[in-house]
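Trainee: Could you walk me through this structure, one question at a time?

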Amino acid sequence: MRRYYQKTQSQQLANLKRSIILWRAKALEKLGNRCVKCGFDNQLALEIDHIEPCGTSNRLRGISLYKFIVLVSVNGFQILCANCHTIKTRSNNEFTGPNGHKNNSVKTTL
Ligand SMILES: [Zn+2]
């Protein structure tokens, strides 16, 4: 019986991962599949950026964000590559920790 649950659990996890990958690809396609700053287009390093930082814990993330972009609206979102996203985030002091709150302890200058 335990083996059945372990197998079911791993299948559910695999299905969830597939679903996240699919929704992410659809969201990236809807937003143009390339970084709006530099044109980089390798999906592995593309990220969805909230154009106006919200910095709150109710910010859409992960599959909820992807579904929102695909099914509701692309307004307020853009694609940035990992480098451009990091530069924007740190230049504007938009960094938020895992709980969505601003982390002012992160240094933004070198
Ligand atoms: Zn870029």
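Here are our questions and answers on the model.

Mentor: A note before we start: this is a predicted model, where local features need pLDDT of at least 70, side-chain atom pairs count only at pLDDT 80 or more, and totals for chains, interfaces and linings use all residues. Residues are numbered from 1 along each chain as its sequence is written.

Trainee: What is the mean pLDDT of the chain?

Mentor: pLDDT is the predictor's confidence in each residue, from 0 to 100. In this chain 81% of the residues reach 70 or more. Over residues 104–110, though, the pLDDT is below 50. The chain's mean is 85.

Trainee: How far apart are the end C-alpha atoms of helix α1?

Mentor: Helices are DSSP runs (H or I, at least four residues), and strands likewise (E, at least two), numbered from the N terminus. The expected span is 1.5 Å times one less than the number of residues. Because α1 has 29 residues (2–30), it should span 42 Å, and the end C-alpha atoms agree at 42 Å.

Trainee: Which residues of α1 are buried?

Mentor: A residue is buried if 20 or more other C-beta atoms, placed from the backbone, lie within 10 Å of its own. The buried residues of α1 pack against β1, α2 and β2. They are W23, A27 and L28.

Trainee: Which residues is A27 in contact with, leaving aside neighbours within four places in sequence?

Mentor: Contact means that two C-beta atoms, placed from the backbone, lie within 7 Å. A27 also belongs to the largest nonpolar core, of 11 residues, where a core is a set of buried Ala, Val, Leu, Ile, Met, Phe, Trp, Tyr and Cys residues joined through C-beta atoms within 7 Å. The contacts of A27 are I48, Y66, I69 and V70.

Terms used. Buried ≥ 20, exposed ≤ 12 C-beta atoms within 10 Å, placed from the backbone.
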